[in-house]
Structures are given as structure tokens and as C-alpha cells.
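Open the model in your viewer and keep the selection tool at hand. Each stop below tells you what to pick next.

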Amino acid sequence: MIERFAARLDEAAATRTPCAQLSDGQTLSLDDAYSVQQALVERRIARGERAYGVKLGFTSKAKAAQMGVFDVIIGRLTSGMVIPDGDTLDLAGFIHPRAEPEVAFRLGRDVVPGEIPGSDLVDAVAPAVEVIDSRYRDFRFSLADVVADNTSAAALVLGPWRPLGDEGPTGLDNRGVLLEVDGRIAGSGSTAAILGDPLLAVPAAVRMAHRYGIPLPAGTVLLAGAATPAVALRANTHVSATISGLGRARFSVTDGGGA
Ligand code: OOG
Ligand code: MG
């Protein structure tokens, strides 16, 4: 069952054809959903991608309310999802992609299985845009379905890294968050919306990664979860996410025909 579900989601992504939720007509436990997620990521690794990081979902009320899912979830990022800062995303590679502004952390050392991390674990922070693209019809899913679909992970753009601690005296817990499309505000909020302080995403991710057997080696990138609702991408636009004091991550959207 796990492999069959992973194949269905993989096929939906490859053919840009959304599929029915896995839980339609049967029950899908959360543990099985994480197994499907792992099988899906293993397919990407078998095609030559590398593990790149992890992401949390539904760490803000804004996101939970937008999607109707109210539990924090973890997903996996792979090298094939990375779009260089300032580069282009081609809509032809996606089903119905949406962008959301995020805070990214980088782990400065390996996490030992079972450890409760201290503040020494993170060495850098960056502004980021995550592109999510549910493989399900109408971008609708249950908790287990979105976990199986690797938490809708599709692409990410990272802005400049800066050493953690160098971002100024005020901490990260109340920074402005701005999502802009063609220089117009598409979403705005505060990093406070992310678990009260986005740094709390680090112990949350470590705990969930242990629970579901996801390794966290040095260099792992962690997306803390969006502070604002995601917005649908349109062709021939420029998208950026700015976190006050941290700078900006940006990309352009084309529809394959070129802008
Ligand atoms: C699931 C992914 C949620 C976030 O930042 O909360 C997420 C989805 O909304 O499709 O990435
Ligand atoms: Mg996200």
C-alpha cells in the first residue's frame, strides 16, 4: 500500500495531473502517511537528488486556518527543489503552485539521535520563499494526506545567509514578514506568528525528525513554516519575501514560453 500510494503521488507530480486524496474510501494513519512520504522522497533520491533539509508546516494560525489542518507537520526538502536566489520558476513544472514567505535556519552540526538541542545547533538564518504544490485536486487534503504528499513541498528559494546572533539585538521573534508580487504586497505579518518565535521551530523539528527517523546532519536547512497564507503563482511575475533585518529572497515566474 505504501509503495502504491507513493507511486500515485509521484506520478501526479511528474504528469502535472492532480490526484484524489489517498484517504478517499480508506483510512490512512499518520504513521503510514509518514511512510508514504519517506517512499516518495526515496524515489527522488534514486533519481539522483540529495537530502537537503526539512520543513515544518502549519506552525502559524494563518496557514492552519487557510488549509483547515491544525497540527504541526514535518516534510523533507531535496536538492532538486532548490531554485537559486533571483532565478526563474517555470509554471510548466508544477500543478497549481503557491508561494509563502519563510524563515530558514541552517544546522551547524549533526544532531545526535535522541538529543534535546540547545541554541548552539543553528549557525545561520536566511529569508526564504517556499513554493508548495499539492499533488491533490483543488489543493485540498486531510492531515494524513498532506503528510503523505511530503507536506506539498515543491521548491524553495533562499536569500542571503547571516550568522545567527548577527541579526541584531532584537531576536527573531517579532520581525516584519512581507510577501510581494511585482512590488505589491501579497501578504504581510510577523515572525511572531510562527510558534511565537521561529527559533522554536528548531526543537520542534528535531523532535519530529527523531520520531519519524529523518536524519539531521550538519548543513541541514530547516524552513520554519509560513507566517502568512500562501498565494497562487501567476506567469510573468516577480515574487519576493522580505524578513525585516534579514533581507530578501526572490524569483521570477514564467510559463515555459519565456517572459
Ligand atoms: C502544506 C504545507 C504547509 C507551511 O509553511 O505551513 C507549509 C500546505 O499548505 O499545502 O508549508
Ligand atoms: Mg511552508
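This is a predicted model: local features need pLDDT of at least 70, side-chain atom pairs count only at pLDDT 80 or more; totals for chains, interfaces and linings use all residues.

**A tour around ligand 1**

Next, show the whole shell.

Zoom in on the polar contacts. Which part of F58 lies 2.8 Å from an oxygen atom of ligand 1? It is a backbone N or O atom of F58. Move to K63: here a polar side-chain atom lies 2.8 Å from an oxygen atom of the ligand. Then pick E100, where a side-chain N or O atom is 2.8 Å from an oxygen atom of ligand 1. How much of ligand 1 does the protein cover? The cover is 100% of the 320 Å² of accessible area that the ligand has on its own.

Hide the ligand and look at the space. Ligand 1 takes up the largest cavity. A search of the whole structure finds one cavity of 30 Å³ or more. The largest cavity holds about 130 Å³ of space.

Last stop: the lining. Select its 19 residues; K55, F58, K63, E100 and T151 lie nearest the centre of the cavity. Of the lining residues, nine are nonpolar, five polar and five charged. β1 again provides the largest share, three residues.

Technical notes: Residues are numbered from 1 along each chain as its sequence is written. Chains are lettered from A and ligands numbered from 1 in the order in which they are written. Side-chain values use heavy atoms; hydrogens and water are left out. A polar contact is a pair of N or O atoms within 3.5 Å; within protein, one must be able to donate a hydrogen and the other to accept it, and residues adjacent in sequence count only if both atoms are side-chain atoms. Accessible areas come from the Shrake-Rupley method with a 1.4 Å probe; for residues, only the protein chains shown count as cover. On a 1 Å grid over the protein atoms alone, a cavity is a set of points where a 1.4 Å probe fits but cannot get out, and a pocket is an open set with protein on both sides within 12 Å along at least five of seven lines; lining residues have an atom within 4 Å of a point. A molecule sits in a cavity or pocket if more than half of its atoms lie within 2 Å of its grid points. Grid points are joined across faces, edges and corners, and a volume is the space filled by probe spheres set on the points. Helices (H or I, at least four residues) and strands (E, at least two) are DSSP runs, numbered from the N terminus. Ala, Val, Leu, Ile, Met, Phe, Trp, Tyr, Cys and Pro count as nonpolar, Asp, Glu, Lys and Arg as charged, and the others, Gly among them, as polar.
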